[in-house]
Amino acid sequence: MGKDTIVIGVIGSDCHSVGNKILELFFTSEGFKVVNLGVMVSQQEFIDAAIETNARAILVSSLYGHGEIDCQGFRDLCLEKGLEPIVLYVGGNLVVGKTPFSVVEEKFKRMGFDRVFPSDVDLKQVAELLRQDIKEKFGSSLNGQENEGQSNQNQLPGQAAQADQNDGQEPEGSRPK
Amino acid sequence: MKTVISIDIGSTWTKGAAFVLTGSGFELKEKTSVPTTQDNLVVGFHETLARLLHQDRQTPLEQLKGLSEIFFSSSAKGGLRLAAIGLVPDLTLQLARLAAMSAGGKVVKSFAFALTAGDVSELEKLNPDIVLFSGGTDGGNSKYILENAKKLQSSRLSCPVVYAGNRAVAEDVLNIMKSREVLVTENLMPEVGQVNIEPVREKIREIFLKRIVAGRGLAEIVDLFGSQPKPTPLAVFELISVIPEFYEEWSDLAVIDIGGATTDFYSNTESYLETDTVVLKGIREPKVKRTVEGDLGLRVSARSLFETGQTYLEDRLREEGFELKEMEEFVNRISSRLDYLPESQTEKKLDQILAEACVYYAALRHSGGWREVYTPQGRVYVQTGKDLRRVKAIIGSGGFLSAEKSTAVMAIPLRKLRTYGEEKKLLPDRPSFYRDRHYLFSVLGNLVEKYPREAASLAVASVENLSQKGESYD
């Protein structure tokens with residue numbers, strides 16, 4: 001016991017599976033209990049798995065450019081299903097075209113995601129932020145009490161700035177397939 | 001030469017068979033059946049045993065007992081009635097239902113998430129034999145479990161509760177449900193998607209033996225023989241599990257058993273083969289699987305079959321030139337007289353179409369499906385449920401299919417089921433059809449625990465291949 005459970009997967013009709021496996025290995029080595037749902041995961045499946053495992057966070061990946069449509073209403077569905085304080089992250093190639101990342105980030109934050117990442121990030125930093133956010137929402141990072149703390153405080157992580165240069169374009173390197 | 005006797009106490013018939021154990025395996029010596037004596041099962045059991053041993057009916061059971069090795073099973077009270085409680089419908093609840101059915105039970109109702117006051121009073125009304133209580137992965141959700149435990153504790157239910165949920169709160173559940181009989185077993189889904197239904201099945205079986213069979217005189221037989229009966233469906237389940245262990249050519253098989261009250265579908269085949277273009281959604285179902293359909297049957301359940309199966313029946317009746325009305329009258333006739341045998345050619349045909357409908361809906365519910373999805377990376381199939389495409393042999397058992405010599409009753413509905421709505425059903429690609437010619441599967445199943453090789457061997461030897469007669473499936 002004692003590990004925070006997180007649920008990961010690639011949303012929608014997206015089959016990019018390599019990055020997903022890397023994320024599983026990475027977060028496991030960071031001390032999280034990772035429930036990996038693989039590719040082509042629906043919002044409902046993310047939420048079902050989070051309920052059964054009492055997960056602290058859901059990390060949604062999307063690489064094929066349709067992330068915006070796939071993620072629409074994700075936070076609302078979490079609220080409907082009683083997953084109130086859960087931490088929601090999204091990352092990858094979230095939209096097609098040359099939208100500046102700040103615009104993309106704004107869009108997904110408005111949908112209720114706590115943090116938004118471009119396809120090129122320092123995973124170590126993500127893990128650190130994840131621990132912080134879980135602590136914030138659940139009281140303590142390891143098996144903490146649930147508290148009422150609602151989402152959306154403490155947004156805009158410092159590293160969002162570095163993301164801007166990415167422009168949601170072809171990512172440098174980390175893209176599977 | 002040793003004689004081994006197996007008796008199956010069914011809901012309408014008590015069937016028995018005597019086998020001779022030779023060096024090479026079992027040989028069927030003789031078979032008999034008598035009507036099940038509802039108020040005291042021992043009477044019918046005694047008579048069957050006496051007949052098989054060629055003894056006078058007056059010979060006391062104690063004496064008969066010494067004459068042969070005896071095994072028995074019982075489907076008492078038309079099977080075991082379970083209520084399943086899970087958390088998420090597609091995950092723990094789905095597994096709870098599967099576990100209950102593969103243990104030989106019938107799921108009377110299932111409940112997801114938190115039980116409401118209405119759910120609890122419905123449970124009380126249903127008065128199941130067992131409540132199977134699950135939910136949460138190990139170390140996962142506990143909120144719903146504890147909430148439901150409190151509600152079960154304050155309910156008026158009297159049956160035992162099998163707890164197979166989040167292990168982390170098993171002790172809390174025991175504490176909350178102090179005044180109840182709660183049996184804790186391993187979590188049926190310790191991790192998301194990980195299937196662990198064996199321990200639950202075993203627990204359900206134990207309860208079946210101790211509690212349910214205690215009535216109607218079976219305790220007397222248990223005392224006398226010092227051995228427990230098997231639930232009939234479990235006997236068949238064990239036989240299906242063991243056949244491919246000894247006969248590799250019989251790997252990937254399915255059995256359909258149409259009875260008066262239920263239709264059982266068993267399969268023994270890998271449920272999902274991972275490839276780049278097929279993605280499995282939901283749980284990975286077990287290799288050996290049984291589903292039982294309480295609304296599909298040829299006598300007791302004929303009326304509910306008529307309702308459930310309306311679409312299929314209308315289609316087939318039109319093809320065969322019958323009116324729906326004729327079928328309705330026939331169904332009324334057979335459901336008021338359960339031992340009714342079809343008399344005319346017309347009635348025989350109608351009975352056959354009813355059996356087809358049983359096959360159609362049992363297969364629909366047992367098998368999984370594929371949906372085609374076009375993604376930016378190409379075409380992908382999304383699979384839900386169990387893939388039966390590799391099944392090579394389909395064996396018909398039960399009173400009707402054991403006697404049915406044509407493949408049509410199984411082949412026609414399976415062919416029609418290939419596409420169902422948007423879904424391609426994952427049915428056997430090129431199966432051969434067989435029948436359990438002497439209706440031995442349930443009695444042979446009783447012998448599996450002690451004589452696995454011999455039972456499997458006779459099962460394989462006693463089926464008849466129906467597909468050889470030139471009837472093609474495609």
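The structure is a predicted model, and the predictor assigns the complex an ipTM of 0.75 together with a pTM of 0.84. For chain B the pLDDT averages 91, and 97% of the residues score at least 70.

The interface may be considered next. On the side of chain B, 25 residues are in contact with 22 residues of chain A. Between them, the two chains bury about 1,800 Å², of which 59% lies on carbon and sulfur atoms. Of the area that chain B buries against chain A, 30% is supplied by Val192(B), Lys281(B) and Gln377(B), which is more than any other three residues supply. Lys281(B) also takes part in a salt bridge with Glu45(A), in which the closest N and O atoms are 3.4 Å apart; across the interface of chain B and chain A, 2 salt bridges are found in total. The count of residue pairs in polar contact between chain B and chain A is 10, with both residues of each pair at pLDDT 80 or more.

The elements of chain B that give two or more residues to the side touching chain A are helix 3 (89-102), strand 13 (278-281), strand 15 (369-375) and strand 16 (378-384). Among these elements, helix 3 of chain B gives the most, with 3 residues. In composition, the residues on the side of chain B that touches chain A divide into 12 nonpolar, 10 polar and 3 charged.

Over all chains, the count of salt bridges comes to 43. One of them joins Lys2(B) to Glu69(B), with the closest N and O atoms 2.9 Å apart. This pair links distant parts of the chain, since Lys2(B) belongs to strand 1 (residues 2-9) of chain B and Glu69(B) to strand 4 (residues 69-74) of chain B, the two being 67 residues apart.

In the salt bridge of Lys289(B) with Glu285(B), the closest N and O atoms are 2.5 Å apart. Lys289(B) counts as buried because its relative accessibility is 3%, and Glu285(B) is likewise buried, with a relative accessible area of 7%. Beyond these pairs, a network of salt bridges links Asp315(B), Arg316(B), Arg318(B), Glu319(B), Glu320(B), Lys349(B), Glu356(B) and Lys416(B).

Notes. Residues numbered from 1 in each chain as written. Chains lettered and ligands numbered in written order. Predicted model: local features only at pLDDT ≥ 70, side-chain atom pairs only at ≥ 80, totals over all residues. Heavy atoms only, no water. Contact = heavy atoms within 4.5 Å. Buried area = accessible area lost by both parts, 1.4 Å probe. Salt bridge = Lys/Arg side-chain N within 4 Å of Asp/Glu carboxyl O. Polar contact = N/O pair within 3.5 Å; in protein donor to acceptor, adjacent residues only side chain to side chain. Helix = DSSP H or I, 4+ residues; strand = E, 2+ residues; numbered from the N terminus. Nonpolar A, V, L, I, M, F, W, Y, C, P; charged D, E, K, R; others polar. pLDDT = per-residue confidence, 0-100. Buried < 20%, exposed > 50% of the residue type's maximum accessible area, 1.4 Å probe, protein only.
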